[in-house]
Amino acid sequence: MSDEEVQPGGSDGIAWIPVLAAIVAAIGLADSVYLTIHHLTAVPVPCSIISGCETVLTSQYAEIGGIPLAAFGALAYFLAFSFAILAAFGNRTMWTVFGLQVTLMAIFTAWLIYLQAFVIGAFCQFCLLSALTTFTLFSLFVVSKLRRSGKLH
Amino acid sequence: MPLNRKTIEMKESKKGSSGIPVAIIILVLAVVVIGGYLFYQRSKPAPKANTASPTNTTAANQRPQPNYATAPPGAQPPNTLGSPTATVTIEEFADFQCGSCAAAHPVLKEINSAYAGNKNVRFVFRNFPLQMHDKAYDAAVAAESAGLQGTSKFWQMQDQLFTNQHVWSVSTSYRDLFLEYAQKIGLDVEKFKADMSGMQAKSRVDQDMARGRALAISSTPTVMVNGRVVPYAEVTSAGMRRVIDAELQAAAQPAQTAASTNNSRSNLR
């Protein structure tokens, strides 16, 4: 029964997985916009025994060519959101594009987590939220593919 | 593969509602842009408040660390630039793997060369590798090992470590990079290698750390001028000059009476 509801492109033409993905991407978008603004307005802080977001956001890894990493994140989430919304309304090509994008995002996020854990030595909770949303988006894509291939057999 | 029911439905729905997803996307973009702009405007006063805070904290920093005079002295002799009898002592506690320390390095370097001719100003570098940085302790030992081959070698290695921080701090073969730097600054590499694993350099680092802990250093870089912590936001070229010049002036006035000179001198030790 639940399998019935789960089918992408149900009777109303809206697939629930892309809709869910759009919502998660919107959360990621809000988070990275917050981080971008936080980055732009943050004052640099020293390396502290008690470390946190400031340490991460003011580290040398928080920018690429002077542009805050979080701004790239915001752009990526906005694209992911757009692709998911288009997919939710039936554009399957967009779902493939979405899948490619979130795969790249997941790989990049894994590297960012590595940086926080082993190089910067501090974790930023909002960056971790972003990691969670990215991995959720990636998982949703994987689940959608598994469901589809499961259905075809 | 023939079109299945779903694909046909998708095509239909795509036709019927192609405007809706675009509308949603534009709406969200508008919300993000407007919301983001409003939030940015609201957050902006934060740095203002922060630039104001140094003036607030200066008051709090008027008094030196209570145990500045009694804290363990750190490595002896310390890594010093300038005259040992200077009336103004800049003391930095730093971690070679800390990004903020690397950022402060050019500032302090500039300050040191600016006051190089002033025999009333001296600079002391203290190692304070933080536990969270896996290579920081070894880097400190590397700097001290270089210092065992001459004071100027210490400063050259210190410079190498800070300017190349982005290279060695992310490298698993960072020890080899240290050897490279040692060679570059003209050290006896074999002696450097031996000193890296010897006790002498390590014990200097440990003594600096003991001093740092006694002074309750909780972050790096911590820059003190005559025992008063300069807030990190003030560790700029202009900020440091302000603090140093104020100290120089303060030191010059009581210098007229011998007693107070002795007093301020003893505070420095």
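**Figure 1. Secondary structure of chain A in the predicted model.** Chain A of this predicted model has 6 helices and 3 strands, and from the N terminus on these elements follow one another as α-α-β-α-β-β-α-α-α. Of the 153 residues of chain A, 47% count as buried. When contacts with a separation of 6 or more are considered, residues 24 or more positions apart account for 71% of them in chain A.

**Figure 2. Helix α4 of chain A and the glycine after it.** Helix α4(A) covers residues 69-88, and its 20 residues should span 28 Å at 1.5 Å a residue, which agrees with the 28 Å that separates its end C-alpha atoms. This helix is mostly covered, since 16 of the 20 residues of α4(A) are buried. Just after α4(A), G90(A) takes a positive phi of about 105°.

**Figure 3. Surroundings of L29(A).** L29(A) is found in helix α2 of chain A, which comprises residues 16-41. With 27 other C-beta atoms within 10 Å, L29(A) counts as buried. Leaving aside residues up to four places away in sequence, L29(A) touches A74(A), Y77(A), F78(A) and F81(A), and also V32(B) of the other chain. The C-alpha atoms of L29(A) and A70(A) are separated by 9.6 Å, although these residues are 41 residues apart along the chain.

Figure 4. The secondary structure of chain B comes to 12 helices and 6 strands, and 37% of its 269 residues count as buried. Among contacts in chain B with a separation of 6 or more, 78% are between residues 24 or more positions apart. The pLDDT of chain B averages 83, and 80% of the residues score at least 70. Over residues 46-61 of chain B, however, the pLDDT is below 50, and this stretch has 11 contacts in the model beyond near neighbours in sequence. For residues 257-269 of chain B the pLDDT likewise stays under 50, with 12 contacts beyond four places in sequence. Where pLDDT is low, the predicted coordinates should not be read in detail. The model scores ipTM 0.72 and pTM 0.59.

**Figure 5. The open sheet of chain B.** In chain B, 5 strands form an open sheet with mixed pairing, in the order β1-β3-β2-β5-β6. Strands β1 (79-82) and β6 (228-230) of chain B stand at the edges, each with a single partner strand, so one side of each is left without a neighbour in the sheet. From one strand to the next, the twist averages 25°. Strand β1(B) runs antiparallel to β3 (residues 121-127) of chain B, and 4 bridges join the two; within β3(B), F125(B) is the bridge partner of N79(B). Helix α10 of chain B, residues 199-214, packs on the sheet and touches β2 (88-94) and β3 of chain B, with its direction at about 105° to that of β3(B).

**Figure 6. The enclosed helix α5 of chain B.** The buried residues of α5(B) include Y137(B), D138(B), V141(B) and E144(B). Their cover includes the strands β1 and β3 and the helices α6 (151-163), α8 (174-184), α9 (189-197) and α10 of chain B.

Figure 7. Most residues other than glycine have a negative phi, and most peptide bonds are trans. The peptide bond from Q76(B) to P77(B) is cis, with omega near -10°, and P77(B) lies in the loop between α3 (45-60) and β1 of chain B. A cis peptide bond also joins T220(B) and P221(B), with omega about -5°; P221(B) has its place in the loop between β4 (219-220) and β5 (222-225) of chain B. A216(B), in the loop between α10 and β4 of chain B, has a positive phi near 55° although it is a residue other than glycine, and with 12 C-beta neighbours inside 10 Å A216(B) counts as exposed. N226(B), which is not a glycine either, has a positive phi of about 50° and is found in the loop between β5 and β6 of chain B. N226(B) is buried, with 21 other C-beta atoms within 10 Å.

Notes:
Residues are numbered from 1 along each chain as its sequence is written. Chains are lettered from A and ligands numbered from 1 in the order in which they are written. This is a predicted model: local features need pLDDT of at least 70, side-chain atom pairs count only at pLDDT 80 or more; totals for chains, interfaces and linings use all residues. Two strands pair if DSSP finds at least two bridges between them. Axes are lines fitted to C-alpha atoms, for helices over the stretch in contact, and angles run from 0 to 180 degrees between N-to-C directions. Two residues are in contact if their C-beta atoms, placed from the backbone, lie within 7 Å. pLDDT is the predictor's confidence in each residue, from 0 to 100. The expected span of a helix is 1.5 Å times one less than its number of residues.
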